[in-house]
Amino acid sequence: MKRLIFSIFALVLALPLLSQNPLNNDAANIVGDYYAIQSGNESKVRIFLAEDGTYTGQIFWVKDSVDPATGKKYGDPKNPDKSLRSVPCDQIVLFKGLKYNPGKKQWDSGKIYDPTRGIRANCTVCFAPDGRLKIRGSVMGIGETVYWKKL
């Protein structure tokens with residue numbers, strides 16, 4: 001009987017902790033690896049939960065990432081932050097700071113970076129009905145939507 005009471009007590013104490021874990025709700029559905037094509041460039045992006053509780057997306061593979069003339073990986077020459085222009089193309093952080101909005105069932109409040117144009121934009125992300133990840137970037141009401149397939 002003591003074990004039963006102790007088990008129930010432990011479960012009651014643990015429930016609030018379990019409900020606060022982002023991996024126990026819809027927010028964590030975004031975590032994973034995705035295949036993306038932007039302006040004809042093929043890449044793979046890893047989305048992960050950052051230490052601050054927001055979501056970050058970083059490229060980890062780019063097709064044709066090496067300059068045939070030099071044998072070196074392409075950098076990020078259009079990045080508005082000059083200190084990031086030497087980051088290899090397969091290590092570029094595309095977005096960070098995304099927070100899950102359970103009321104809208106989407107991730108928002110983040111910024112996305114388009115390395116093909118060197119533009120930073122506001123970002124919203126959700127899953128399309130077909131299961132692909134729908135990423136919308138916009139600046140001053142003008143935007144673009146792209147879709148990524150989960151690997």
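**Salt bridges in a predicted model**

Glu-42 is partly exposed, with a relative accessible area of 23%; the term covers the range between buried (under 20% relative accessible area) and exposed (over 50%), using a 1.4 Å probe and protein chains only. This is a predicted model, where local features need pLDDT of at least 70, side-chain atom pairs count only at pLDDT 80 or more, and totals for chains, interfaces and linings use all residues. Residues are numbered from 1 along each chain as its sequence is written, and side-chain values use heavy atoms, leaving out hydrogens and water. The whole structure holds six salt bridges, each a side-chain nitrogen of Lys or Arg within 4 Å of a carboxyl oxygen of Asp or Glu.

**The Lys-63 and Glu-42 pair**
- Glu-42 forms a salt bridge with Lys-63, at 3.6 Å from N to O.
- The two sit 21 residues apart and link distant parts of the chain.
- Glu-42 lies in strand β2 (residues 41-49), and Lys-63 in the loop between β3 (55-62) and β4 (93-101). Strands are DSSP runs (E, at least two residues), numbered from the N terminus.
- Lys-63 is partly exposed, at 41% relative accessible area.

**The network around Arg-117**
- A network of salt bridges links Asp-114, Arg-117 and Glu-144.
- Asp-114 and Arg-117 have their closest N and O atoms 3.3 Å apart.
- For Glu-144 and Arg-117, that distance is 2.4 Å.
- This second pair also links distant parts of the chain, 27 residues apart: Glu-144 is in strand β8 (residues 142-150), Arg-117 in the loop between β5 (106-114) and β6 (119-127).

**Exposure within the network**
- Asp-114 is buried, at 14% relative accessibility.
- Arg-117 is partly exposed at 44%.
- Glu-144 is partly exposed at 32%.

Key:
Helix = DSSP H or I, 4+ residues; strand = E, 2+ residues; numbered from the N terminus.
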